[in-house]
Amino acid sequence: MINASLWHGRLPDTQKYAIVTPLLKKPGLDVNDMANYRPVSNLTFLSKVIEWIVAQQLNDYLAANNLLTGKQSAYKSFHSTETTTLRVLSDALVSVDAQKVTLLSLLDLSAAFDCVDHPLLVLRLQRNFGLTGQVLRWLTSFLNGRTQQIAYAGLVSATHSVFFGVPQGSVLGPILFNLYTADIHLLVAAHGLVLHQYLIVRRLLSNLYCHTC
């Protein structure tokens with residue numbers, strides 16, 4: 001079944017259905033404030049197996065062709081929040097030694113995974129990372145035609161179509177989000193700044209700092 005899905009460049013609609021469970025972001029938050037919940041998608045077992053296989057092949061391709069920026073951490077081998085913290089600290093100390101001023105700007109993107117534009121992501125996968133043919137067709141199929149239901153307090157909502165975002169709780173979601181935001185590094189570098197990005201518990205936190213002031 002997995003080989004057939006990859007061969008035909010299509011993920012069956014039955015594997016693009018999710019039951020979304022709202023979970024409190026932190027214990028003790030107001031349970032009546034919907035902004036305090038994080039929607040976690042419960043996906044089918046088979047869809048996660050297929051995603052895992054695709055993720056392994058995609059990561060191997062990106063690494064072999066050196067297509068990933070070194071300043072993106074989390075969900076990438078040998079790149080964690082620890083390595084990001086050490087890199088930021090190291091750059092700051094180098095700036096101090098050079099008698100330069102270091103400015104640190106923190107950007108927290110809320111509901112980041114929910115804001116991914118599918119056509120724009122597909123365009124960037126093709127233009128920036130050279131994904132074409134069956135690979136691009138499968139990834140396009142993975143994004144399009146998704147449906148979900150909300151389960152809360154023993155009740156389940158009606159089924160709704162999903163037109164934006166990548167599923168939180170999926171295997172491919174973080175990888176696709178990293179590729180979707182990869183162009184930010186080019187924009188920041190054009191203004192003489194350095195950018196470090198990392199994902200923490202399905203939340204994107206970006207550190208922008210200047211060490212050339």
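At what angle do H4 and H6 pack, and how far apart are their axes?

## Helix packing

In this predicted model, H4 and H6 pack at an angle of about 70°, with their axes 9 Å apart, where axes are lines fitted to C-alpha atoms, for helices over the stretch in contact, and angles run from 0 to 180 degrees between N-to-C directions. H4 is therefore roughly perpendicular to H6, a label given to angles of 65 to 115 degrees. Helices (H or I, at least four residues) and strands (E, at least two) are DSSP runs, numbered from the N terminus.

Leu-120, Leu-121, Arg-124, Leu-125 and Phe-129 of H4 meet Leu-176, Leu-179 and Tyr-180 of H6, contact being heavy atoms within 4.5 Å. Eight of the eight residues of H6 are buried, so H6 is largely enclosed by the rest of the structure; buried means under 20% relative accessible area (1.4 Å probe, protein chains only).

## Nonpolar core

The largest nonpolar core has 27 residues, and Leu-125, Trp-138, Leu-139, Leu-172 and Leu-176 are those with the most contacts inside it. Such a core is a set of buried Ala, Val, Leu, Ile, Met, Phe, Trp, Tyr and Cys residues joined through side-chain atoms within 4.5 Å.

## Strand pairing

S1 (residues 17-24) pairs with S5 (residues 146-152) in the parallel sense over four bridges, whereas six bridges join S1 to S2 (residues 37-42) in an antiparallel arrangement; pairing requires that DSSP finds at least two bridges between two strands.

## Basis of the values

Residues are numbered from 1 along each chain as its sequence is written, and side-chain values use heavy atoms, leaving out hydrogens and water. Because the model is predicted, local features need pLDDT of at least 70 and side-chain atom pairs count only at pLDDT 80 or more, while totals for chains, interfaces and linings use all residues.

How values were computed
Buried < 20%, exposed > 50% of the residue type's maximum accessible area, 1.4 Å probe, protein only. Parallel < 35°, antiparallel > 145°, perpendicular 65-115°, else oblique.
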